[in-house]
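Here is a short note for a colleague opening this entry for the first time. Please read the points alongside the display.

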Amino acid sequence: MDASSQPSSGAPTAAQAAWQLLGSRPSKVFAMHIGYRARAAQKGRTPEAPGYFLKPATSLSTGGEVIVPAGTEIFGFEGEIAIVIGSHARAVSEADAWGHVAAVTASNDLGVFDLRWVDKGSNIRSKGGDGMTPIGPALLPADRLDPASIEVRTWLDGELVQADSTSTLIFSLAQIVSDLSQLVTLEPGDVILTGTPADASTFSPGQTVEVEVTATALDGEQLSTGRLSTTVRVGDQVLPPYSAQPKPTAEQWADASGRPVSDFQEAAAPVLDDDLREQLSRVALATLSSALRKRGLNNVSIDGLRSTQPGKRLVGTARTLRYVPNREDLFKSHGGGYNAQKRLFDSLQPGEVVVIEARGDNRSGTLGDILALRARHLGAAGLVTDGGVRDLDVVTEIGVPTYHGGGHPAVLGRLHVPWAFDETVACGGATVQPGDIIVGDGDGLLVIPPGLARELVEECLATEAEEEWIAAQVDAGHPVDGLFPMNAEWRAKYEAETALERA
């Protein structure tokens with residue numbers, strides 16, 4: 001992507017070397033979003049149909065060093081099998097599609113993920129730059145191959161990190177060619193990247209990524225492309241101010257590496273530290289509710305739920321999970337594999353509270369004993385769902401305070417599709433955002449905006465000190481008139497006594 005990557009003195013550019021390998025400059029380079037079943041499971045979604053994006057022909061290279069703009073830092077690798085089209089194909093059938101393929105080879109669908117924020121759908125900046133599509137080093141003739149048994153492997157600094165076979169593709173190679181040809185005329189030399197297996201991740205300058213495609217030919221000969229080797233170097237090219245600038249966010253790091261977002265979030269001083277947690281644990285929910293109401297916050301109670309641990313106080317920071325009503329095709333794409341529910345529970349941190357939006361529908365479970373065990377192991381403070389809980393007796397024994405809409409033996413998929421986590425949800429009639437503070441006791445549950453928590457708890461502790469003093473006066477026989485609330489005379493007595501205590 002850096003101008004300095006272009007050789008001088010008449011030598012062929014990186015792209016021209018790739019075109020020489022292909023025999024001509026391709027008119028199109030396609031890349032699939034999700035191709036393998038294991039990759040779909042990792043992503044938590046299985047596509048209903050093949051999906052693609054386009055890459056410029058100038059993004060092709062035969063490997064070697066790729067130079068990226070100054071300031072970029074998130075570099076992703078994706079080892080893939082690339083198809084090279086051999087003859088014109090337009091609206092071809094699946095049965096005829098493989099006959100239009102000339103060869104297969106290895107490819108690395110490289111990405112600069114901190115440039116992805118502005119055009120994620122097209123991937124032009126993140127995956128379209130010069131050198132971002134290495135292919136080679138050799139082509140394997142398609143007519144000698146069984147398209148259902150071609151293997152791809154990827155190594156990072158010599159360690160095998162990806163391995164899969166076309167036998168596990170969601171859509172076969174023939175289906176991919178046929179599908180693209182329904183709307184686009186495929187021409188000789190066109191390249192199709194067919195998706196990456198599970199465990200694509202990030203690499204750093206100085207590291208080497210190698211990709212190899214192998215197959216047993218129809219006559220039994222073992223064929224290999226050889227290893228396609230690529231490194232990355234951050235160049236001197238500074239993007240002008242009107243161009244999209246690098247944004248190395250935690251979300252982009254997570255997307256590129258396949259790891260949880262929490263792994264990349266900066267460690268900041270938590271709003272809910274030990275002191276604030278202890279203070280909130282001493283304040284009655286009724287007192288907190290009154291203080292919130294004084295600030296105009298009347299709709300901050302999560303209503304209609306019961307607790308598996310009556311009498312046990314719950315204080316924690318919200319992590320949110322949203323279910324949508326079950327639709328069979330959506331459950332097929334989002335319900336299986338490493339779905340949003342599992343990803344959230346696996347990423348829990350000590351002191352967090354899972355808050356689940358299940359639309360108040362308790363006619364199936366929204367969590368069960370396995371997830372409760374996972375939450376306990378990771379130190380979660382509690383679980384809140386306005387839906388049902390499966391294995392309710394066992395969940396109760398596990399001991400993580402769980403507020404719920406009732407027990408139910410049915411599995412999640414009867415009613416719900418796990419859709420998304422760490423976004424704003426509605427639970428028990430209240431809006432809950434990630435990072436909100438959840439406090440629960442026998443009176444129910446409150447949602448406290450984190451920015452108000454400290455001033456709120458200071459006021460509530462002062463209020464409860466007053467009420468304890470008032471209760472002592474009532475217990476000593478004084479009438480409540482003028483004492484609750486305190487008039488000026490009683491206020492003066494209270495302040496005088498508390499001043500003496502402080503002294």
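Which residues make a nonpolar surface patch of about 270 Å²?

1. **The patch.** Val474, Val480 and Phe484 make it. Patch residues have over 30% relative accessible area and no salt bridge, and nonpolar side chains (Val, Leu, Ile, Met, Phe, Trp, Tyr) are joined within 5 Å. A salt bridge here is a side-chain nitrogen of Lys or Arg within 4 Å of a carboxyl oxygen of Asp or Glu. Accessible areas come from the Shrake-Rupley method with a 1.4 Å probe. Phe484 lies in the loop between α13 (453–475) and α14 (488–502). Its relative accessibility is 53%, so Phe484 counts as exposed (over 50%; buried is under 20%, partly exposed in between).

2. **Basis and confidence.** This is a predicted model: local features need pLDDT of at least 70, side-chain atom pairs count only at pLDDT 80 or more, and totals for chains, interfaces and linings use all residues. Residues are numbered from 1 along each chain as its sequence is written, and side-chain values use heavy atoms, with hydrogens and water left out. The mean pLDDT (the predictor's confidence in each residue, from 0 to 100) is 91, and 96% of residues reach 70 or more. Residues 1–11 fall below 50. Beyond near neighbours in sequence, that stretch has 22 contacts (heavy atoms within 4.5 Å) in the model.

3. **Strand β1.** Strands (E, at least two residues) and helices (H or I, at least four) are DSSP runs, numbered from the N terminus. Strand β1 covers residues 29–32. Val29 and Ala31 are buried on one side, Phe30 and Met32 on the other. In a regular strand the side chains alternate between the two faces of the sheet.

4. **Partners of β1.** Two strands pair if DSSP finds at least two bridges between them. β1 runs parallel to β12 (residues 191–193), with 3 bridges. There, Phe30 has Ile192 as its bridge partner. β1 runs antiparallel to β2 (residues 52–55), with 4 bridges.

5. **A three-stranded sheet.** The order β8-β5-β13 gives an open sheet of 3 strands with antiparallel pairing. β8 (111–112) and β13 (201–203) are the edge strands, each pairing on one side only. β5 (residues 75–77) is joined to β8 by 2 bridges. Phe75 stands opposite Val112 in β8.

6. **Helix α5.** Is α5 (residues 173–181) largely enclosed or open, and why? It is largely enclosed by the rest of the structure, because 7 of its 9 residues are buried. Among them are Leu173, Ile176, Val177 and Leu180.

Key:
Buried < 20%, exposed > 50% of the residue type's maximum accessible area, 1.4 Å probe, protein only. Patch = residues over 30% accessible without salt bridge, like charges linked within 9 Å, V, L, I, M, F, W, Y side chains within 5 Å.
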